[in-house]
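I opened the model and kept notes as I went. The entries follow the order in which I looked things up.

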Amino acid sequence: MHNFFINFFHKIGENPDREGLKNTPNRVIKSWEKLYSGYNKNPKEILQSTFLEHKCSEMIVLKDIEFYSMCEHHILPFFGTISFGYIPNDKIIGVSKLVEVVDAFSRRLQIQENLTTQIADTFMNELKPKGVMVVTQATHLCMIMQGFENKNAKLITSAVRGIFKEDSRSRNEFMKHIK
Ligand SMILES: [Zn+2]
């Protein structure tokens, strides 16, 4: 067994030789492949597969994309939904690509604030839309399990870019869509 796990088991008061824990380190390491698969994905590359739609300058909203991430301060899960809206210039992207970008940024050690702004900024830089707005709502096990927060408390973060900054009508329209 790797020293890391032996130390961990000792630290919390467990017996590393206990039968039930024998394969736990292997299972944990195996689970990392999925939990941290975002490091192997390049969001910029995912956003290259756009299509042109010159006539479309209306707002496009994708609501409640589910995500699972790990808090970089406590290595405990935080999870929830991301709602995403943009006003294209002429480039449009498929729904599945947006979901892939959310996965690429969330399946890493993260904090919610960065997750939200990284999605907005990368999208802004790659597609050059008129504006992007991202709203993330999440439950943080690190807060709940340690008893820092009310059990129902959710953290909400947002990132507002481009036209959404000046244009309160667009902002309100987006908020109405994701309600
Ligand atoms: Zn935390």
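This is a predicted model: local features need pLDDT of at least 70, side-chain atom pairs count only at pLDDT 80 or more; totals for chains, interfaces and linings use all residues.

In which hand does α4 pass α5, left or right? I looked along the pair and noted a right-handed crossing.

I took the axes next. Those of α4 and α5 come within 10 Å and cross at roughly 140°. Angles over 145 degrees would count as roughly antiparallel. The pair therefore goes down in my notes as oblique.

Then I listed the residues at the crossing. From α4 I have Val101, Val102, Phe105 and Ser106. In α5 they meet Leu115, Gln118 and Ile119.

**Entry: the core**

I turned to the largest nonpolar core and counted 23 residues in it. Which of them touch the most other members? I wrote down Ile82, Val101, Val102, Ile119 and Val134. The largest share, five residues, comes from α4.

Leaving out residues up to four places away in sequence, Val102 touches Ile65, Phe67, Ile82 and Ile119. Ile119 is also among the α5 residues at the helix crossing.

**Entry: Lys55**

I went to a loop for contrast. Lys55 sits between β1 (50-52) and β2. Is Lys55 buried or exposed? I found 6 C-beta neighbours inside 10 Å, so Lys55 counts as exposed. I also checked Lys55 against Arg171. The two are 116 residues apart in sequence, and their C-alpha atoms are 21 Å apart in space.

**Entry: the whole chain**

The C-alpha trace spans about 65 × 35 × 20 Å along its principal axes. How many residues does the chain have, and what percentage is buried? I noted 179 residues, with 24% buried.

I looked at contact range too. Taking contacts between residues at least 6 apart in sequence, I found that 72% join residues at least 24 apart.

Last, I noted the domains. The chain is divided into domain 1 (3-35) and domain 2 (46-178). How many Å lie between their C-alpha centres? I recorded 34 Å.

Definitions and conventions. Residues are numbered from 1 along each chain as its sequence is written. A nonpolar core is a set of buried Ala, Val, Leu, Ile, Met, Phe, Trp, Tyr and Cys residues joined through C-beta atoms within 7 Å. A residue is buried if 20 or more other C-beta atoms lie within 10 Å of its own, exposed if 12 or fewer, and partly exposed in between; C-beta atoms are placed from the backbone. Helices (H or I, at least four residues) and strands (E, at least two) are DSSP runs, numbered from the N terminus. Two residues are in contact if their C-beta atoms, placed from the backbone, lie within 7 Å. Domain bounds come from an automatic or database domain assignment. Axes are lines fitted to C-alpha atoms, for helices over the stretch in contact, and angles run from 0 to 180 degrees between N-to-C directions. Angles under 35 degrees count as roughly parallel, over 145 as roughly antiparallel, 65 to 115 as roughly perpendicular and the rest as oblique. A crossing is left-handed if the near helix is turned anticlockwise from the far one by less than a right angle, and right-handed if clockwise.
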